Amino acid sequence: MENTGTTAVQRSYTNLKGYEGPGFMATTLDKAVGLARKNSIWPLPFATSCCGIEFMATMASHYDLARFGSERLSFSPRQADLLMVMGTIAKKMGPVLRQVYEQMAEPRWVLSVGACASSGGIFDTYSVLQGIDRIIPVDVYVPGCPPRPEQILDGVMKIQELVGNESLRRRNSAEYKELLASYGIQ
Ligand code: SF4
C-alpha cells in the first residue's frame with residue numbers, strides 16, 4: 001500500500017514562513033528556533049487521578065503522542081519544558097505543583113488537562129484547588145471530564161502553536177516578568 005502520509009515534523013516544516021527560492025529558504029532565527037522547539041517538547045506529566053489514565057491512552061500506540069515529538073516524558077523538572085497537569089489537585093498538593101513548576105527552566109509551558117485541573121471540576125469543596133491557575137500561569141486549558149485523548153492531542157497542538165510562534169525575547173519581557181510576579185514567582 002502506498003504511504004502518502006506526512007509526519008508532524010514534515011507538516012511543520014512546510015508551514016515554516018520565510019523567503020523561498022530555488023534551492024534555498026531564508027527565515028528568522030525566531031521561526032527556526034520555534035520550529036525546533038515545537039517538535040521536540042519534553043512533557044512532565046503531573047497526573048493525580050482519572051485524567052492521567054486518558055493521558056496513558058494518549059501515549060499508547062493508537063494515539064501515539066510520539067508523532068508530535070513528545071514521546072520523551074521527563075520526570076525531572078529540569079529536563080522538561082511542558083508541565084501537563086492532569087487530575088484533581090488538592091490544596092495540600094498545591095505547593096508541590098508550584099515547586100515542580102519553579103524547578104523547570106525557561107522557556108516552560110503549562111497545559112491544564114481536564115475540568116479538575118482547570119477549575120476544580122465537580123469537586124467544589126474546601127480541600128480542592130479550584131483551578132491550577134490560582135498558583136501557576138497556564139498556557140492552554142483542555143476541557144472535559146475526562147477529556148478524550150483527541151482533546152489532549154489538540155491541547156498539545158495548541159501548545160505547539162504557541163511554542164512555534166513565541167518570540168525569543170518574550171521570557172525577558174516586562175509583561176512576562178509581571179505575569180510571574182503576579183504569582184509571586186521570581
Ligand atoms: S476532570 Fe473528571 S476525569 Fe479528570 S480528574 Fe477530574 S473527575 Fe477525573
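Tutor: An axis here is a line fitted to C-alpha atoms, for helices over the stretch in contact, and angles run from 0 to 180 degrees between N-to-C directions. Helices (H or I, at least four residues) and strands (E, at least two) are DSSP runs, numbered from the N terminus. The model is a predicted one, in which local features need pLDDT of at least 70 and side-chain atom pairs count only at pLDDT 80 or more, while totals for chains, interfaces and linings use all residues. Residue numbers start from 1 along each chain as its sequence is written.

The part to examine is the crossing of two helices. The axes of α3 (residues 50–59) and α6 (residues 149–165) come within 9 Å of each other and cross at roughly 75 degrees. That makes α3 roughly perpendicular to α6, in a scheme where angles under 35 degrees count as roughly parallel, over 145 as roughly antiparallel, 65 to 115 as roughly perpendicular and the rest as oblique. From α3 the contact takes E54, F55, A57 and T58, and from α6 it takes P149, I152 and L153; two residues are in contact if their C-beta atoms, placed from the backbone, lie within 7 Å. By class, five residues of this contact are nonpolar, one is polar and one is charged. For these classes, Ala, Val, Leu, Ile, Met, Phe, Trp, Tyr, Cys and Pro count as nonpolar, Asp, Glu, Lys and Arg as charged, and the others, Gly among them, as polar.

P147 has contacts in both helices of the crossing. P147 is found in the loop between β6 and α6. Leaving out residues up to four places away in sequence, P147 touches C51, E54, V113, G114, V142 and I152; E54 and I152 also belong to the helix contact. P147 counts as buried because it has 23 C-beta neighbours inside 10 Å; the cut-offs are 20 or more other C-beta atoms within 10 Å for buried, 12 or fewer for exposed, and anything in between for partly exposed, with C-beta atoms placed from the backbone. P147 and M86 are 61 residues apart in sequence, and their C-alpha atoms are 9.9 Å apart. In that loop between β6 and α6 lies P146 as well, and the peptide bond from C145 to P146 is cis, with omega near -10 degrees. Most peptide bonds are trans. A cis bond is also found from E106 to P107, where omega is near -5 degrees; P107 lies in the loop between α4 and β5.

C145 and P146 lead on to the ligand. The residues around the ligand are S49, C50, C51, G87, T88, G114, A115, C116, G121, C145 and P146; a residue is near a molecule or strand if its C-beta atom, placed from the backbone, lies within 6 Å of it. Helices α3 and α5 (114–119) each supply at least two residues of this shell, and the largest share, three residues, comes from α5. Six residues of the shell are nonpolar, five are polar and none is charged. C116, a shell member, lies in helix α5. With 27 other C-beta atoms within 10 Å, C116 is buried. Beyond four places in sequence, C116 touches C51, G87, T88, G121 and F123.

A nonpolar core is a set of buried Ala, Val, Leu, Ile, Met, Phe, Trp, Tyr and Cys residues joined through C-beta atoms within 7 Å. The largest one has 35 residues, of which L82, L83, M84, V85, L111 and V113 touch the most other members. Elements supplying at least two residues each include α3, α6 and β5 (109–113), and β4 gives the most, with five. Apart from neighbours within four places in sequence, L82 is in contact with I41, W42, P43, L44, W109, L111 and I159.

W109, in strand β5, is buried, with 22 other C-beta atoms within 10 Å. Its contacts beyond four places in sequence are D81, L82, D139, I159, L162 and V163.
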